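Morning, everyone. I'd like to walk you through some helix packing, then an interface. Please have the viewer open.

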Amino acid sequence: MVPPERATTEGEPALWRDAGLVAGKDLRVEARSRVATNQVVPFALLVLILFAFALDPDRGILGRAAPGLFWVTVLFSAVLAIQRSFAIEADDDARDALRLSGLDGAGIFLGKAAAVALQLLALEAVLAVGVAVLYGVSLRGGGLLILICLLATAGIAASGIVYGVVAAGLRVSDTLLPLLVLPVLAPVLLAATRASEAALATVPGDAWPWVRLLAVFATIYTVFGVVAFGPLLEEA
Amino acid sequence: MTTGSRGTRILGVATLASLALTAWLALVVSPADVNQKDAVRLLYIHAPTAWLAMYVSFGVTTLASVLYLWPRTRSRLWDLVAGASAEVGVLFIGLTLAVGSIWGRTTWGVWWTWDARLTSTAVLFVLYLGYLAVRRIPADPLVRSRRAAIVAIAAFIDVPIVHLAVDWWRTLHQPATIFDERRLLDPKIEGTMLWTLLLSVVAFTLLYAWLLIHRVRLARLEELVEDRALEDALAERRAEGAAAGAPSVETDEHLATGGVR
């Protein structure tokens, strides 16, 4: 591992450097363990197939419900990704190492959220192809769809990491996390689904209020995480 | 030991009296609605429980959580108040949903409809069930309290977003009758019904206060019992050690003072 360059900066740049270090570490762990690619992505594709069993493909429900099914699948996969993000800290007391590292709490939060967000964005790209192929949806309104994915993913990752640290290190964390995070993400599911529907139907005018809502959600939970993450990480 | 005191007994009597008066006014004195017939009487449970759960209970939970996290005002009491208030709030919001569902069946013909206010109330219910789940996690009490307080605040900031999102999504429920400021001075509701409704709000507020105080005191006692059980267990171990002549008494002494506090 390359040692971080010390004594370069103070204040704001240090925050971004810390975030970059943590995100790089998480992504490197993922690149070596391949849990997201070998387990989370296949799980998400499996959910797409299960939806086809539950909703008869011949009646055209799948095509109409595709945006909603897509985002529900993303939410379930996000829960797995968040759990994974804290499972890697639980092994070998990595959490203590992280706490003793002297990295800024806000930087750790941003780094972990960015790592989860990047993994989710990759997953969404695969899922979008899956939806297009399996549900017969033609992906129109590409630019707007990408914007929706970016904002929704930022919100999911930020709030997910906040709740991930709340549930981290507990014996019941696996069952607690979905109960905590899914109701909070209800507005994201609603907004992302409606906005995607509008984008696919190429009526971007209908999508903008929802896109703004996604942006507000992402901003609020990022700020909350930056403020609250340090103390939460300290005590556990 | 009891959770009652002179003050709470007076409060309890006042609660019972106002609830009885509300029941009498609601069931006997106030008239049936022209369209909804007797079903309108559900209003006197539905509206006050909804109001108390959403504005008072969860408001108190949020405020107490902030006070608990703020270093200057940190006290176990705020944590207990936050938890107790959320418990009563979840109870009330459950009542709101149950009574509303019965009301919906009689007036709209369905137990549930995906209307904005129903949906956001249901999301709120689940959000605070999650908060209560955090309060039950098997962990060190201080860790648990801190995490619960963060969850309470994070849930509270989500409430307006949920509300807005669901509101855009769909709206069918009638708008607020009394707590809408445009109509505050001219409520569209008949006199007796208005007074019954206002009294019911007072009665349920008293009930909330009574339940909250008892729940906080009960939580205090629960903590005392836990501490006592720990001390007893330590004393037992020490006695065993002394009987066996083991030299570990000093360590146990250290544990007894260091571990409990």
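α5(A) crosses α6(A) in a right-handed sense (left-handed if the near helix is turned anticlockwise from the far one by less than a right angle, right-handed if clockwise). Helices here are DSSP runs of H or I, at least four residues, strands are E runs of at least two, and both are numbered from the N terminus.

This is a predicted model: local features need pLDDT of at least 70, side-chain atom pairs count only at pLDDT 80 or more, and totals for chains, interfaces and linings use all residues. Residues are numbered from 1 along each chain as its sequence is written, while chains are lettered from A and ligands numbered from 1 in the order in which they are written.

Back to the pair. α5 of chain A, residues 105-134, packs on α6(A) at about 135°, axes 8 Å apart. Axes are lines fitted to C-alpha atoms, for helices over the stretch in contact, and angles run from 0 to 180 degrees between N-to-C directions. The two are therefore oblique: under 35 degrees is roughly parallel, over 145 roughly antiparallel, 65 to 115 roughly perpendicular, the rest oblique.

Now chain B. α3 (76-107) and α6 (191-244) of chain B pack at about 130°, with axes 9 Å apart. Their crossing is right-handed.

Finally, the interface. 23 residues of chain A contact 25 of chain B; contact puts C-beta atoms, placed from the backbone, within 7 Å. On the chain A side, α9(A) gives the largest share, eight residues.

Definitions and conventions
Contact = placed C-beta atoms within 7 Å.
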